[in-house]
Amino acid sequence: MTIRVGIIGTGLIGEDHGRKLVNVINGSAVSAVTDVNIARAQEVATLLGGARVFDNGLDLIASDDVDAVLVTSIGPTHAAYALACIAAGKPVMVEKPLAPTVEECERILAAEVAAGKRLVIVGYMRRYDAGYKQVKGALEAGTIGDALVLHNVHRNATVGEAYTSFMTMTDSMIHEVDTTRWLLGEEITAVQVVPPKRTPLAFPHLQDPQFAIFTTETGILSTVEFFANCQYGYDVRCELVGSLGTSSMTNPGLSATIASGQLTERVPADWRERFGAAYTAELQAWITGLQHGQIVGPSAWEGYAATKVVEVGVEAVKTGARMEIAYVEKPALYR
Ligand code: NAP
């Protein structure tokens with residue numbers, strides 16, 4: 001059975017995911033697209049071999065030609081589309097964040113609970129990255145003992161002037177929030193943000209780098225160094241320190257060259273290159289699950305929890321204080 005996907009938002013990642021759904025993923029087709037920029041939607045529809053172009057997302061969701069929906073429009077539009085998919089009983093993958101506010105995420109949780117079944121997944125693709133999976137595997141196998149400290153590095157070559165010190169939390173460290181929760185299997189209960197000395201190579205309004213400390217339920221510390229203008233490439237990795245050893249990952253290059261006494265390895269240019277394989281694995285898991293009547297991927301609860309942490313995290317950026325995080329009770333649907 002081919003799953004016919006409708007894509008809402010044909011920007012950078014909407015086009016990327018669309019190409020994978022058409023050319024790489026087994027069992028999927030792209031039957032419909034839409035974007036507020038209709039010319040852009042038309043262009044992507046042609047690139048994807050002639051998907052139908054809808055004037056708006058709600059008509060796309062209602063279409064009989066759409067079995068499942070991929071929401072890759074800008075964050076503030078996510079909640080309305082996710083809620084419409086739940087009302088229509090259609091599976092939906094929402095790119096991160098599930099929604100930018102906790103209030104919207106709670107409405108999505110309530111709608112799914114009222115519907116009595118899971119339909120929503122959120123695009124936290126690092127869960128499908130080979131390196132992160134190996135670190136989690138070392139913890140689960142008991143090889144490194146009890147988890148004590150997780151160190152995360154998240155570096156980006158450069159960012160534009162529109163990027164702010166709060167986006168370090170809402171757009172970037174939100175990935176480490178999800179990685180921390182998933183890798184350690186615990187909720188984050190407190191966050192503190194400590195600003196290091198600033199690089200001279202960032203726009204003056206931006207605190208760069210930014211350093212966060214997340215504390216989990218059992219007291220594991222997860223540190224994040226986020227550096228938006230590191231200049232040299234895209235560098236994302238972690239090291240998990242346990243009571244018996246550590247497990248760490250490299251920023252995987254595709255090849256290395258040894259010559260003239262030097263070992264050189266390519267650093268990925270950006271997130272598309274670094275996590276290309278993870279996006280493919282994430283989409284394949286979603287589509288294969290749908291073919292078997294299952295919803296496979298991070299749940300709306302995972303999306304809610306990540307948004308909750310970064311909402312408090314933004315306050316932590318403002319105050320510098322250690323801020324506690326309290327969640328709503330986890331509905332049985334997500335246990
Ligand atoms: P983008 O290139 O700006 O694309 C977003 C598209 O959505 C634009 O074409 C935009 O049109 C369109 N849009 C705006 N409002 C809309 C609406 N109401 N209905 C339909 N389309 C609408 O952004 P992007 O980089 O692809 O990011 C899209 C989403 O993916 C964001 O939530 C982002 O956080 C997420 N993302 C996740 C990852 C990851 O690693 N998982 C990586 C990148 C992006 P206009 O440009 O005309 O406004």
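A polar contact is a pair of N or O atoms within 3.5 Å. The model before you is a predicted one, and in it a backbone N or O atom of V36 lies 3.5 Å from a nitrogen atom of the ligand.

At I13, a polar backbone atom is 2.9 Å from an oxygen atom of the ligand. At G123, a polar backbone atom is 3.3 Å from a nitrogen atom of the ligand. As to cover, the ligand taken alone exposes 910 Å², and the protein buries 73% of that.

Where does the ligand sit? The space taken by the ligand is the largest pocket. Two elements, α1 (12–23) and α4 (78–88), are those that give two or more residues to the shell around the ligand. There are 23 residues around the ligand, and those that come nearest are I13, D35, Y81, E95 and Y279.

I now move to a single residue, T168. This threonine lies in helix α7, which covers residues 167–184. Is T168 buried or exposed? Its relative accessibility is 0%, and T168 therefore counts as buried, since the term applies under 20%.

What surrounds T168? Leaving aside residues up to four places away in sequence, T168 touches Y163, M173, L206, Q207, Q210 and F226. The side chain of T168 also has a polar atom 2.6 Å from the backbone oxygen of S165.

Conventions: Residues numbered from 1 in each chain as written. Predicted model: local features only at pLDDT ≥ 70, side-chain atom pairs only at ≥ 80, totals over all residues. Heavy atoms only, no water. Helix = DSSP H or I, 4+ residues; strand = E, 2+ residues; numbered from the N terminus. Buried < 20%, exposed > 50% of the residue type's maximum accessible area, 1.4 Å probe, protein only. Polar contact = N/O pair within 3.5 Å; in protein donor to acceptor, adjacent residues only side chain to side chain. Contact = heavy atoms within 4.5 Å. Near = heavy atom within 4 Å. Areas by Shrake-Rupley, 256 points an atom, 1.4 Å probe, with all protein chains shown as cover. 1 Å grid on protein atoms, 1.4 Å probe; cavity = no way out; pocket = protein on both sides within 12 Å on 5 of 7 lines; lining within 4 Å. Sits in = over half its atoms within 2 Å of the grid points.
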